[in-house]
Structure formats: C-alpha cells, structure tokens
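Here is a short tour of one model, taken feature by feature. Have your viewer open and follow along.

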Amino acid sequence: MAELPAALSLFSLQGHTALVTGASSGLGLQGFQCLARAGARVIGAARRVEAVQSQAQSLVAQGFDAHSVAMDVSSAAGVAQAFAELDQRGLVADIVVNFAGIGLNNKWRNNQEAQWLQLLQTNLLGAERVSQAAVQRLLAHKRPGNIIQVASTLGLTVQPSVSAYASSKAALMHLTKSMAMELWPRGIRVNCLAPGLFRTPFTAQFEQEHGSHYFDLSVTRRMGEAPELEGALLFLASAASSYVNGIVLPVDGGNHLRGM
Ligand SMILES: NC(=O)c1ccc[n+]([C@@H]2O[C@H](COP(=O)([O-])OP(=O)(O)OC[C@H]3O[C@@H](n4cnc5c(N)ncnc54)[C@H](OP(=O)(O)O)[C@@H]3O)[C@@H](O)[C@H]2O)c1
C-alpha cells in the first residue's frame with residue numbers, strides 16, 4: 001500500500017485505546033468501527049453487550065483490536081463496575097467518546113420529573129461519570145488523553161417538544177468547556193461533537209412522521225448518514241486536532257444556521 005502523505009498520518013490512532021459508549025447502535029457503532037479502522041484498540045460499551053460483542057468479533061475477524069464491556073452509564077454503580085472490569089483486563093482508554101444517549105419528545109407542559117431524571121442520568125451524568133472514571137485512570141498513569149462528548153445541534157438551537165433533551169445537550173456543551181480548561185494543563189483535551197439530524201434507530205420515528213416537513217425547511221434537504229460523522233470524529237480523536245480544545249463542532253450541513 002502507498003504511504004500516506006505526512007499530513008494524513010496525523011489522523012492515525014495507532015498506539016491509542018479508545019472507549020466508545022453507545023457502541024451497540026447508530027452513531028456510536030459507526031464511531032466504534034471508524035476508530036478501529038484508524039488504528040486504535042477499541043472498547044465498545046453499552047447495556048446490550050451482546051450487540052457490541054458481535055461487532056467487536058467482526059472487527060477482530062478483519063484484523064482489528066476490538067473489545068467490549070457491559071456498561072449502564074445511567075448509574076454510578078454501572079460505570080464503576082464496567083471500569084473495574086476494564087482495570088482487571090488491563091484496558092486503559094486514552095480516548096473516550098461518549099455517544100450513549102437517549103431522547104425525549106414531549107411538549108414542555110407534559111414533561112414528568114421521572115423522565116427528566118432518566119434523561120439527565122444518561123445524557124449528562126452518564127458522560128460525566130465515564131469522563132471522571134477515565135480521567136482518574138489517566139492521571140494515575142500520568143498519561144495524556146482525549147475526551148469527546150456527543151451533544152446535538154439541539155443544544156445550540158431551540159425547538160419545541162425537546163426541552164429536556166435539548167437542555168441535557170446544552171449542559172453537556174458547558175461541561176465540555178469547563179473540563180477543557182481544567183484538564184489542558186494535565187495533557188487532556190476535551191471537545192464536543194454536535195450532530196444534526198442523522199439517520200439512525202434514534203431518529204427513525206421522527207423521519208417517518210416529520211421527515212418531509214423537516215427536509216423542506218432545512219438547508220441540506222436530507223438527513224446525515226452515519227459515515228458522514230466519521231471525519232469530524234477522527235479529527236477530534238487524533239493528533240490532527242492537537243491544539244483544539246473546548247470546542248463544540250456542529251456536523252449538520254449547516255442546518256443549525258436556520259435554527260434547526
Ligand atoms: N441520530 C441523530 O440524529 C443524533 C443527533 C444529535 C445527537 N445524537 C446523539 O448521538 C448519540 C447516539 O445517537 P444514535 O442516533 O446513534 O442513537 P441510538 O441508535 O438510539 O443509540 C444510542 C446508544 O446509546 C446507548 N445507551 C442508551 N442508554 C444507555 C445507558 N444507560 N448506558 C449505556 N448506553 C446507553 C444505546 O445502547 P444500549 O441500549 O445497548 O445501552 C445505544 O448504543 C446520542 O447521544 C444522541 O443524543 C444523535
């Protein structure tokens with residue numbers, strides 16, 4: 001195979017270990033596969049561990065270094081247990097991508113406190129818990145690292161019927177910036193991806209019910225396809241972004257410019 005031009009080698013993840021939460025489905029699964037193909041040892045995490053296991057096995061069969069772990073990010077015990085298992089297996093991640101997330105479509109006046117709590121436990125505290133556990137280990141090993149939070153353009157713009165979801169993602173953006181300032185001196189960068197509307201199981205119902213109306217109003221006239229997130233993910237995960245810290249990177253074809 002021809003040698004990559006020097007600039008492209010900046011995107012190589014050889015020698016890195018990447019933990020990807022939400023790796024059982026959709027964008028997280030795409031990210032899991034992408035980081036493996038870029039040369040990282042990858043660890044996929046989700047509650048449906050069998051789904052991640054079979055994806056990891058398929059990557060291993062293709063010659064990549066892939067692992068899986070059961071993790072429920074919505075509970076402190078779930079995250080602690082998963083990291084204890086990774087410790088035992090000698091797996092220390094220096095790249096963490098927090099894809100695990102859930103949605104909630106509700107008019108604001110119908111929001112229930114239990115729904116709010118479940119959403120925050122997963123989307124905000126889940127990312128916080130995984131980041132804390134990973135950073136503790138990096139600091140203990142005196143190793144540099146890279147955390148990527150996955151928010152949504154709904155954290156930048158305002159839409160009806162997603163008040164709790166959008167608020168959880170806006171909070172994640174603030175968390176990113178605060179962590180980025182604190183952790184840079186320790187050699188750890190923290191950035192945030194903000195996908196727009198991508199075709200995944202998460203958005204299937206929305207596409208069916210509102211797709212054509214959305215496409216009429218949007219800049220792009222279509223949804224994103226999961227592989228279209230790979231370039232931005234790889235940029236943030238790799239040395240290509242070595243002087244990038246605390247940013248929120250929208251990946252949505254510019255739809256947020258129309259408030260979408
Ligand atoms: N698709 C979009 O248009 C879009 C747009 C903006 C942002 N996002 C964000 O991108 C992320 C992935 O979305 P997606 O579209 O790929 O959705 P998806 O296909 O529904 O995948 C969600 C993933 O999160 C995991 N997850 C949910 N709750 C979890 C928990 N308590 N513990 C561990 N893992 C959990 C799920 O795994 P298990 O069920 O196996 O645990 C699954 O792997 C989410 O954070 C979402 O908010 C998506």
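## Ala84 and the ground rules

Ala84 counts as exposed, because it has 11 C-beta neighbours inside 10 Å. On this scale a residue is buried if 20 or more other C-beta atoms, placed from the backbone, lie within 10 Å of its own, exposed if 12 or fewer, and partly exposed in between. Ala84 sits in helix H4 (residues 76-88); helices (H or I, at least four residues) and strands (E, at least two) are DSSP runs, numbered from the N terminus. Its C-alpha atom is 9.7 Å from that of Ala133, although 49 residues separate Ala84 and Ala133 in sequence.

Please keep in mind that this is a predicted model: local features need pLDDT of at least 70, side-chain atom pairs count only at pLDDT 80 or more, and totals for chains, interfaces and linings use all residues. Residues are numbered from 1 along each chain as its sequence is written.

## Thr200, a buried loop residue

Thr200 lies in the loop between strand E7 (198-199) and H7. It counts as buried because 20 C-beta neighbours fall inside 10 Å. Leaving aside neighbours within four places in sequence, Thr200 is in contact (C-beta atoms, placed from the backbone, within 7 Å) with Ser25, Gly26, Leu27 and Ala226.

## Helix H7

How many of the 14 residues of H7 are buried? The number is zero, so H7 lies largely in the open. A kink of about 75 degrees is centred on His210, where the bend is the angle between axes fitted to the seven residues ending there and the seven starting there.

## Two helix pairs

Helix H5 (residues 113-140) and helix H6 (residues 163-183) have axes that come within 9 Å and cross at roughly 20 degrees. That makes H5 roughly parallel to H6. Axes here are lines fitted to C-alpha atoms, for helices over the stretch in contact, with angles running from 0 to 180 degrees between N-to-C directions. Angles under 35 degrees count as roughly parallel, over 145 as roughly antiparallel, 65 to 115 as roughly perpendicular and the rest as oblique. Among the residues that meet are Trp116, Leu120 and Leu124 in H5, and Tyr165, Leu172 and Met179 in H6.

For helix H2 (residues 26-37) and helix H8 (residues 230-237), the axes come within 10 Å and cross at roughly 55 degrees. H2 and H8 are therefore oblique to each other. Here Gln30, Gly31, Cys34 and Leu35 in H2 meet Glu230, Leu233, Leu234 and Ala237 in H8.

Methods:
Two residues are in contact if their C-beta atoms, placed from the backbone, lie within 7 Å.
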